[in-house]
Amino acid sequence: MTIAAPDLTMTTAASLDARAVSAWFSGHKVLDRVSLHMPAGRVTALIGPSGCGKSTFLRILNRMHELVAGAELAGEVLLDGVDLYDSARRITDARRQVGMVFQKPNPFPAMSIYDNVLAGLKLTGRRASRQTRDDLVEECLTKAGLWHEVAGRLRSPGGALSGGQQQRLCIARSLAVRPRVLLMDEPCSALDPTSTRRIEETITELSAEVTIVIVTHNMQQAQRVSQYCAFFLAEQGTPGVIVEHGPTEAMFGAPRDRRTADYVHGRFG
């Protein structure tokens with residue numbers, strides 16, 4: 001039986017709530033009781049110096065942390081109030097609802113642009129008619145701001161695209177499985193200013209229908225794309241914690257903690 005994929009506009013953004021999340025690698029504690037509410041349909045930026053646990057926290061949000069040998073976890077991660085780590089929940093379901101875009105673009109290089117977009121459907125065992133697949137590819141590439149650049153060469157290898165185009169292809173691939181949340185780990189760190197601007201425009205457009213959580217070291221980027229912000233810090237060998245979080249405008253304009261002010265104004269980190 002052929003199953004048509006639902007329309008992307010039907011995707012409902014979900015809130016994420018981390019509650020007292022702690023994490024360890026081989027017995028070494030890297031996060032200590034981190035709690036954070038990430039509102040539905042908004043962009044939350046995670047900022048802080050390297051090594052303070054931002055990327056680890058991001059991976060915990062879609063159960064990638066448990067793939068690392070020696071990794072341990074305490075606390076809860078709730079997607080619209082439902083525990084992502086509930087033993088009754090399949091890990092593939094959690095990752096379908098909470099997608100991930102990595103720092104380095106990772107399209108399947110020998111696979112066509114068209115097949116790259118649909119790769120997630122194959123991995124989750126979903127079938128669709130040819131017309132539905134065609135419509136889905138166009139829709140997701142359009143959402144990722146890439147359609148007009150690649151519409152005439154969909155059968156070309158994804159690995160032949162520029163770095164910025166590859167990153168947007170990875171965003172399109174993530175969108176094809178209808179996530180409710182999209183995690184982004186420094187998605188622009190290896191890109192030129194023009195590609196960065198296009199990714200930021202894509203983030204802004206997507207946030208109306210998909211909750212986005214982004215790790216970034218670019219303070220201007222955090223201000224441009226996010227509505228909420230959380231400042232992570234690990235001091236003197238201690239595990240990472242959230243020093244302060246709240247609306248981005250307040251975090252940059254009137255932070256409550258001096259360490260936050262020092263960081264966002266470039267006095268350290």
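Two strands count as paired if DSSP finds at least two bridges between them. In this predicted model, strand β7 (residues 181-185) and strand β8 (residues 211-215) are joined by five bridges and run parallel. One of these links is between Val181 and Thr211, its bridge partner in β8.

Both strands belong to an open sheet of six strands, ordered β6-β7-β8-β3-β9-β10, and the pairing is mixed. Its edge strands, each pairing on one side only, are β6 (98-101) and β10 (241-247). From one strand to the next, the twist averages 15 degrees.

Helix α6 (residues 163-175) packs on the sheet and touches β6 and β7. The direction of α6 makes about 170 degrees with that of β6. Helix α7 (residues 193-206) lies across β3 (43-47), β7 and β8, and runs at about 145 degrees to β8.

Most residues other than glycine have a negative phi.

| Residue | Phi | Loop | Relative accessibility |
|---|---|---|---|
| Gln236 | about 50 degrees | between β9 (228-233) and β10 | 83% |

As for confidence, the protein chain averages a pLDDT of 91, and 95% of the residues score at least 70. Over residues 1-9 the pLDDT is below 50, and this stretch has 21 contacts in the model beyond near neighbours in sequence.

Definitions and conventions: Residues numbered from 1 in each chain as written. Predicted model: local features only at pLDDT ≥ 70, side-chain atom pairs only at ≥ 80, totals over all residues. Heavy atoms only, no water. Helix = DSSP H or I, 4+ residues; strand = E, 2+ residues; numbered from the N terminus. Axes fitted to C-alpha atoms, helices over the stretch in contact; angles between N-to-C directions. Contact = heavy atoms within 4.5 Å. pLDDT = per-residue confidence, 0-100. Buried < 20%, exposed > 50% of the residue type's maximum accessible area, 1.4 Å probe, protein only.
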